[in-house]
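Hi,

Here is the structure I promised to pass on. My notes on the backbone follow below it.

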Amino acid sequence: MGKVGRQTKLSSVTQAIRVLGDRWSILIIRDAFQGVRRFQDFLERTGTSRATLTNRLRSLVANGIFRRTLYTNTPPRYEYRLSPKGRDLYGLSLIAWRWERRWAPRGAGIPMELVHTPCKHATQPVLACVHCGKSVTIHDTYLLPGSGTGVRAPVTRRYRRLSALTAASHRGTHRELTHIADIVGDPWTPLVIAAAFFGLHRFDDMHRELGIATNVLADRLELLVRERIFSRRLYMRRPARHEYKLTEKGRDLYGYALMSNAWGDRWLAPPTGPPYLIFHRACAHELFPVVRCSHCEHELVPGSVIAAAKPRAAAAKVGRRKNSG
Ligand SMILES: [Zn+2]
Ligand SMILES: [Zn+2]
């Protein structure tokens with residue numbers, strides 16, 4: 001993406017992380033796209049505690065991702081539905097699914113297959129440029145300052161950290177996206193990854209750019225090396241200094257970062273516009289990423305994709321829907 005430095009803190013991806021850099025919120029949004037609306041169902045599927053779920057749903061409502069409506073009066077019970085701002089996270093959720101499918105450890109809850117119902121084929125979500133239609137990778141983009149450069153972005157509500165459970169202690173009934181949630185579901189880790197996409201690879205540079213406490217930064221880099229998002233290389237012996245380069249698994253998070261950034265631009269950027277713009281090399285136009293079907297190339301919109309444990313089961317389900325309708 002090009003070495004720009006000093007961009008990470010201002011960027012829309014950072015704003016998006018304030019909302020989405022939380023393991024439980026990622027899983028709650030995952031379940032909402034599967035049609036879940038009620039507290040008890042979120043509780044069972046995500047495996048979180050009641051206190052954490054209450055806190056996260058409250059924050060997601062405060063941040064305008066969900067709308068809460070009363071469905072019974074005595075006792076009062078609420079349903080949580082995605083707002084337009086929340087539904088706009090669908091592409092991001094699909095990109096997360098694709099990454100998970102590729103990189104989640106075996107036996108850690110195999111992600112489901114996806115079927116695109118309009119074309120009835122198994123689909124891999126593909127990140128593409130709205131303007132030229134070509135697919136987008138990390139090597140195809142560059143940055144230019146936008147009109148909101150130097151402007152403080154609006155403050156979004158942060159989460160209180162109540163629970164540090166990870167996949168190892170995960171007890172929810174649904175495990176899709178738990179691997180990516182363990183990596184980006186924290187306020188700091190995605191910032192460190194974003195800094196690497198902005199061309200920062202050394203501890204001191206990241207520390208200066210992000211302003212994270214050194215022990216927290218060291219801890220997150222350790223985690224990212226352990227999860228094979230970064231490889232670590234000694235570039236100076238005395239004193240010992242390391243640089244951190246994205247591995248293939250790490251670079252493959254670019255789609256997730258790009259979709260988070262685009263969502264942040266649409267919903268969280270200051271009124272003056274986003275702090276910088278991303279351009280697509282192939283067409284030299286500003287990049288507005290969309291997620292498309294690998295088979296028919298139509299955009300994958302909410303409700304057009306179904307998931308099933310096995311591809312055949314998913315295909316059969318589409319057939320039945322067609323026959324019954
Ligand atoms: Zn393009
Ligand atoms: Zn399709």
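Predicted model: local features only at pLDDT ≥ 70, side-chain atom pairs only at ≥ 80, totals over all residues.

Residues are numbered from 1 along each chain as its sequence is written, while chains are lettered from A and ligands numbered from 1 in the order in which they are written.

Strands S3 (residues 113-116) and S4 (residues 121-122) run antiparallel, joined by 2 bridges, with Val115 opposite Ala122. Their hairpin has 4 residues between the strands, and Lys120 there takes a positive phi near 60 degrees.

S9 (residues 276-280) pairs with S6 (residues 141-145) in the antiparallel sense over 5 bridges; Tyr276 is the bridge partner of Pro145. S9 is also joined to S10 (residues 285-286), again antiparallel, by 2 bridges, and Phe279 has Glu286 as its partner. In the loop between S9 and S10, Ala284 has a phi near 60 degrees, positive although the residue is not glycine.

Two peptide bonds are worth a look in your viewer. Thr74 and Pro75 are joined by a cis bond with omega about -10 degrees, and Pro75 lies in the loop between S1 (66-72) and S2 (77-82). The bond from Arg238 to Pro239 is cis too, with omega near -5 degrees.

Best wishes

Definitions and conventions:
Pairing = 2+ DSSP bridges.
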